[in-house]
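Colleague: I am new to this one. Could you show me how to read it, one feature at a time?

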Amino acid sequence: MTTVVALRHGETEWNREGRIQGWAASPLNDRGRRQARAAGRHLADAYDFDRILASDLRRTRETTAQLRDVGPFPEPEFTRGWRERSFGEFQGLTYEQVFGEFPEHRGSIGMLGLESCPTGGESLLQARERVLVAWDDLLEQAGPDEEVLVVTHGGPIYVLLAHVRGTDLPTAISTLSQRNCAVNELRYDDETGETDVVRENEVEDRELDTVE
């Protein structure tokens, strides 16, 4: 049995402002750093991770660093595979701006337009393919009874949850939510090839805004 915990990064100012981040180098804000440290304490108590895989974008690198400041976590491996979807020319804009200025691309942000691709960005299908390659690589490299932490973004987590449940991606995007530093636990059975979702979007058992 392989246990995989997917953790969304801590809060950024662009999160607070409702701006599309994509691959932008947006840093954590003070609350995001507190969230990451609280998540680190929680994860250190609940798991004994053998590996950390993380998106190589700034906000996930900073989240990973905060985790490792408060717990005995292994050295992380940063990879492009677990990045958020690239939104190209939309990055830095609010959703309202995109819907107002680029109405022809409205569907590419939300549920529709799986193949629609913003200039300089990725389509939903392209991002999905990239994330699922990273997921397959994780499982292929996993040892017996290994516990793996993946520090990533909301988009890849939606892709992953939709994939293991056999749900279409538009439905996942429209119905699921992921809070900053939320925990999602998946267990992969090496013999059956099946994956169960044990925990999803969990933050209730820890105080994310505790000031140290």
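Modeller: Start with burial. A residue counts as buried when its relative accessible area is under 20%. This is a predicted model, and of the 212 residues of its chain, 53% count as buried.

Colleague: Which elements does the chain have, and how many?

Modeller: The chain has 8 helices and 6 strands. From the N terminus on, their order is β-α-α-β-α-β-α-α-α-β-α-α-β-β.

Colleague: What radius of gyration does the chain have, and what would a compact globule have?

Modeller: The chain has 17 Å. A compact globule with 212 residues would have a radius near 17 Å, so the two agree. Along the principal axes, the C-alpha trace spans about 50 × 45 × 25 Å.

Colleague: At what angle do helix α2 and helix α3 pack?

Modeller: Helix α2 (residues 30-46) meets helix α3 (residues 58-70) at about 50 degrees, and their axes are 8 Å apart. Therefore α2 is oblique to α3. Their crossing is right-handed. On the α2 side, the contact residues include R33, A36 and L43; on the α3 side, they include T63, L67 and V70. The contact residues divide into 5 nonpolar, 3 polar and 4 charged.

Colleague: Now a single residue. Is S123 buried or exposed?

Modeller: S123 counts as buried because its relative accessibility is 5%. S123 sits in the loop between α5 (106-109) and α6 (124-141).

Colleague: Which residues is S123 in contact with, leaving aside neighbours within four places in sequence?

Modeller: Those contacts are R85, L114, E115, S116 and C117.

Note on methods:
Residues are numbered from 1 along each chain as its sequence is written. This is a predicted model: local features need pLDDT of at least 70, side-chain atom pairs count only at pLDDT 80 or more; totals for chains, interfaces and linings use all residues. Side-chain values use heavy atoms; hydrogens and water are left out. Helices (H or I, at least four residues) and strands (E, at least two) are DSSP runs, numbered from the N terminus. Buried means under 20% relative accessible area, exposed over 50%, partly exposed in between (1.4 Å probe, protein chains only). Contact means heavy atoms within 4.5 Å. Axes are lines fitted to C-alpha atoms, for helices over the stretch in contact, and angles run from 0 to 180 degrees between N-to-C directions. Angles under 35 degrees count as roughly parallel, over 145 as roughly antiparallel, 65 to 115 as roughly perpendicular and the rest as oblique. A crossing is left-handed if the near helix is turned anticlockwise from the far one by less than a right angle, and right-handed if clockwise. Ala, Val, Leu, Ile, Met, Phe, Trp, Tyr, Cys and Pro count as nonpolar, Asp, Glu, Lys and Arg as charged, and the others, Gly among them, as polar. The radius of gyration is taken over C-alpha atoms; the globule rule is 2.2 Å times the number of residues to the power 0.38.
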